[in-house]
Every structure is written in C-alpha cells, then in structure tokens.
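Hi,

Here is the structure for you to look over. My notes follow below it.

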Amino acid sequence: MIMNTTQKANLVEQDAKVFVKQAPQFKRWGRKHPFVRYGLPLISLTVFGAVGLAHLIQGSKEVTKEKEDMEWEVVETTKALSRTGPVEGAYKPKKLSLEDELKALQQKVDINSYDYKPIPRPSEK
C-alpha cells in the first residue's frame, strides 16, 4: 500500500487531534490524583535508582572479592607447612625494640652540630 504525501499529512493530523483530545483528560487526572502526578514518579525514581546503584556496587564488590581471594591464596601458599615446618620465605615478623630504633635514629641525626639558616621572607625573595 503506497501512500502519497496528502494521505500521510491527514494521518498525522488525525493523530494530533487524538492527542489534543486526550491531553485535558490527563491534566484532569493529575489534578484529581496528585499522588499519580508527584508521588509515583518520586517513588519510582527512588526505587529504580536504588536498584541501579545496587547493581553497580555489586560489580565492584565482585572485583574486590577476587583480588582478596588471590592475595589469600598467595599468603596460604607461603605459609604452607612441610614436614619440617613453615616453608622458608614465609612472612616472619621482625622483632623491634624501642631502644634499637632510638640508637639507629641517634646515629643518623646529630642534634649537637647544626647551622642556623634564616628562612627568607617573602619581601626578600
């Protein structure tokens, strides 16, 4: 079925008349029931937004879980036990003492020999 331009224009005009007749009905409906006009869009936006955000967050949670699982596997393999005990190279905490740390710091910094260096003022730059 081939339509010429006048027939197409007539169909568009008829559709426009239908929409013009229905528009006041929707306005009246919105005035009679304000929940449909204001409440329903707000609630639907809230619900769909929460669902969308949950979907996005779930993806990032899966990525972090995979990373943690890989790290856990590495830790478990390094701490694996053999017949003689833990495998060499496993994590061993280094024992620290405050006295040793203080001595190392005192050797690095000599507080008795220092030079006064004046800080230049902004006007002197």
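Which residues gather in a patch of positive charge on the surface? They are Lys27, Arg28, Arg31, Lys32 and Arg37. Lys and Arg count as positive, Asp and Glu as negative, with His and the chain ends not counted. Patch residues have over 30% relative accessible area and no salt bridge; like charges are joined within 9 Å, nonpolar side chains within 5 Å. A salt bridge puts a side-chain nitrogen of Lys or Arg within 4 Å of a carboxyl oxygen of Asp or Glu.

A word on the source. This is a predicted model, where local features need pLDDT of at least 70, side-chain atom pairs count only at pLDDT 80 or more, and totals for chains, interfaces and linings use all residues. Residues are numbered from 1 along each chain, and side-chain values use heavy atoms, without hydrogens and water.

Helix H1 (residues 5-32) gives the most to the positive patch, four residues. Arg37 sits in helix H2. Helices are DSSP runs of H or I, at least four residues; strands are runs of E, at least two. The chain has three helices and zero strands.

Arg37 is partly exposed because its relative accessibility is 48%. Buried means under 20%, exposed over 50%, partly exposed in between (1.4 Å probe, protein chains only). Of the 125 residues, 3% count as buried.

There is also a nonpolar surface patch: Phe35, Leu40, Ile43, Val47, Phe48 and Val51, about 610 Å² of accessible area together (Shrake-Rupley, 1.4 Å probe). Ile43 lies in helix H2 (residues 34-78).

The unreviewed UniProt entry annotates residues 35-57 as "transmembrane region"; such annotations may be inferred rather than shown by experiment. That stretch is 100% helix.

Best wishes

Technical notes. The place of a charge is taken as NZ of Lys, CZ of Arg, CG of Asp or CD of Glu.
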